[in-house]
Amino acid sequence: MDAASMIDFPEEKWAWSAAEVRTYGLAIGAPWSTMDDNDLGLVTGTAPTVFPTFAVLLADAHSLRHHRLRGIDYEPLDVIYASHELEVFGALPAEASGTT
């Protein structure tokens, strides 16, 4: 069985809002200082800063935890990833949607 026939990745719709961007920013420790307006701007306002690592969350939609490999018996929640790689060519918007 070749690797291409072992898994089908269906089309996945995705979206994020400024609220989710704020929540992610707070979860990773932003702002460093609540007394610094520049730091506070990372998680406040209508367009909070989108940290590049936020985009890695989209990759989870196509993970082996959600789409099983055919012909292999395994527990999806036991799948461990060694790494992720992300190349960002510009700032990510505070709100976005699309299809992968």
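This report walks through the fold, the core, the aromatic rings and a few backbone details of the structure above.

**The model and its confidence**

This is a predicted model, in which local features need pLDDT of at least 70 and side-chain atom pairs count only at pLDDT 80 or more, while totals for chains, interfaces and linings use all residues. Residues are numbered from 1 along each chain as its sequence is written, and side-chain values use heavy atoms, with hydrogens and water left out.

The pLDDT score is the predictor's confidence in each residue, from 0 to 100. For this protein the average is 80, and 79% of the residues score at least 70. Confidence is highest in helix α1 (residues 18–27), at a mean of 92, and lowest in helix α3 (residues 56–59), at 74.

**Overall layout**

The protein has three helices and two strands, arranged along the sequence as β-α-α-α-β. Here helices (H or I, at least four residues) and strands (E, at least two) are DSSP runs, numbered from the N terminus. Contact means heavy atoms within 4.5 Å. Of the contacts between residues at least 6 apart in sequence, 70% join residues at least 24 apart.

The exposed surface comes to about 7,200 Å², with carbon and sulfur atoms supplying 57% of it; such areas come from the Shrake-Rupley method with a 1.4 Å probe, and for residues only the protein chains shown count as cover. Buried residues make up 22% of the 100 residues, where buried means under 20% relative accessible area, exposed over 50%, and partly exposed in between (1.4 Å probe, protein chains only).

**The core and its rings**

In soluble globular proteins, nonpolar side chains tend to be buried together. The largest nonpolar core in this model has nine residues: W16, V21, Y24, A30, V43, V50, F51, F54 and A96. Such a core is a set of buried Ala, Val, Leu, Ile, Met, Phe, Trp, Tyr and Cys residues joined through side-chain atoms within 4.5 Å. Leaving aside residues up to four places away in sequence, Y24 touches F51, T53, F54 and L57.

The structure holds three aromatic pairs. Rings of Phe, Tyr and Trp (its six-membered ring) pair if their centres lie within 6.5 Å; planes under 30 degrees apart count as stacked, over 60 as edge-to-face and the rest as tilted. Two of the pairs are set out here.

| Pair | Centre to centre | Angle between planes | Type |
|---|---|---|---|
| W14 and W16 | 5.4 Å | 20° | stacked |
| Y24 and F54 | 5.2 Å | 70° | edge-to-face |

Ring pairs join W14, W16, Y24 and F54 into a cluster. Y24 is buried at 17%, and F54 is buried at 7%.

In α1, A18, V21, Y24 and G25 are buried. These residues cover an arc of only 120° around the axis, which puts them on the same side of α1; the arc is that of the directions from the helix axis to the C-beta atoms. On the other side of α1, T23, L26 and A27 are exposed.

After α1 comes G29, whose phi is positive, near 105°. The peptide bond from A30 to P31 is cis, with omega near -5°, and P31 lies in the loop between α1 and α2.
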